[in-house]
Amino acid sequence: MEKVAKTWKEFFNEVAHKQYSDDLNHFLNVEYKNGIVYPPRENMFNAFKFTPLANVKVVIVGQDPYHQPGQAMGLSFSVPKGVKVPPSLINIYKEIEKETGVKMDMNNGDLTYLAKQGVLLLNSILTVRANQPMSHNIEQYHLFLEDVLTVLDKQYRPMVFLLWGGPARKLKKYLHNPTHLILECCHPSPLAANHGDWFGNGHFLKTNAYLVENGLSPIKWNR
């Protein structure tokens, strides 16, 4: 019987032996040494630090980190408190307000409170050069993301995947577990959200309904 990792430590020990891990580490050593890269290297795995594998209830997959100073913090869509809240996150807050009736703090973009409740805020690419979006869109990150999604798919317990936008929706091919719920819609960025199916998608209520139906506590979407 295949042994499935039950902790992120076990997972990282397994992938450490793969060639892409060596290649990625070398790439990052050069990038961080020779230029400005976000987030700070000690923060690039924050999604895994703040949300243990055994605690994951919800998975939200972003693209690559924010590329302006002080924004990226290793959690998809999140920025530190005091940093201007990006438009995509504003739209996420608006939809939470619309669905749940709670009031969101539009001036605070720190989503650590969600990560600590079991929401894995995962970027598909964990690093980026300053002012160069998608500059670290390399094969090694694609292989790493595939392994992350595969180990999540092998956890036989209730879990919700929120796939927002084209790149995230393509990841559905790695998800086959019948105990998991997959919800899809367009990306919350203004360009997509204002012309797509972001507003009114019901994802936050649907997520909590699924968790409660399966005996888990719902996510408190506001602070």
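In helix H4 (87-100), the buried residues are Ser-88, Leu-89, Ile-90, Asn-91, Ile-92, Tyr-93, Glu-95, Ile-96, Glu-97 and Glu-99. Buried here means under 20% relative accessible area, whereas exposed means over 50% and partly exposed lies in between, with a 1.4 Å probe and protein chains only. Helices (H or I, at least four residues) and strands (E, at least two) are DSSP runs, numbered from the N terminus. Since 10 of the 14 residues of H4 are buried, the helix is largely enclosed by the rest of the structure. The cover over these buried residues includes strand S5, helix H8 (190-193) and helix H9; cover is judged by contact, that is, heavy atoms within 4.5 Å.

Please keep in mind that this is a predicted model, in which local features need pLDDT of at least 70 and side-chain atom pairs count only at pLDDT 80 or more, while totals for chains, interfaces and linings use all residues. Residues are numbered from 1 along each chain as its sequence is written, and side-chain values use heavy atoms, with hydrogens and water left out.

What should the 14 residues of H4 span, at 1.5 Å a residue? The expected span is 1.5 Å times one less than the number of residues. For H4 this gives 20 Å, and the end C-alpha atoms are 20 Å apart, which agrees. Just after H4, Gly-101 has a positive phi of about 80°.

I turn now to the sheet. Four strands form an open sheet in the order S3-S2-S5-S6, with parallel pairing. Two strands pair if DSSP finds at least two bridges between them.

Consider strand S2 (58-62). With S3 it pairs in the parallel sense over 5 bridges, and Val-58 stands opposite Val-119 of S3. S2 also runs parallel to S5, joined by 3 bridges, and there the bridge partner of Ile-60 is Leu-162. S5 (residues 159-164) in turn pairs with S6 over 6 bridges, again parallel, and Val-160 stands opposite Leu-181.

Is S2 enclosed or open? 5 of its 5 residues are buried, so S2 is largely enclosed by the rest of the structure. Both faces are covered, with Val-58, Ile-60 and Gly-62 buried on one side and Val-59 and Val-61 on the other.

Next, the nonpolar core, meaning a set of buried Ala, Val, Leu, Ile, Met, Phe, Trp, Tyr and Cys residues joined through side-chain atoms within 4.5 Å. The largest one has 69 residues, of which Trp-8, Leu-152 and Trp-164 touch the most other members. Helix H6 (residues 139-153) gives the most to this core, with 7 residues. Leaving aside residues up to four places away in sequence, Trp-8 touches several residues, among them Phe-48, Pro-52, Leu-120 and Leu-152.

Trp-8 also belongs to an aromatic cluster with Phe-11, Phe-12, Phe-45, Phe-48 and Phe-144. Rings of Phe, Tyr and Trp (its six-membered ring) pair if their centres lie within 6.5 Å; planes under 30 degrees apart count as stacked, over 60 as edge-to-face and the rest as tilted. By this rule there are 15 aromatic pairs. The rings of Phe-12 and Phe-48 have centres 5.2 Å apart and planes at 85°, so this pair is edge-to-face. Phe-12 lies in helix H1 (residues 8-15) and Phe-48 in helix H3 (residues 46-50), 36 residues apart. Phe-12 is partly exposed, at 24% relative accessible area, while Phe-48 is buried, at 7%.

Finally, two backbone details. Most residues other than glycine have a negative phi, and most peptide bonds are trans. Between Tyr-38 and Pro-39, however, the peptide bond is cis, with omega about -10°. Phe-77 has a positive phi, near 70°; this residue lies in the loop between S2 and H4 and is buried, at 8% relative accessibility.
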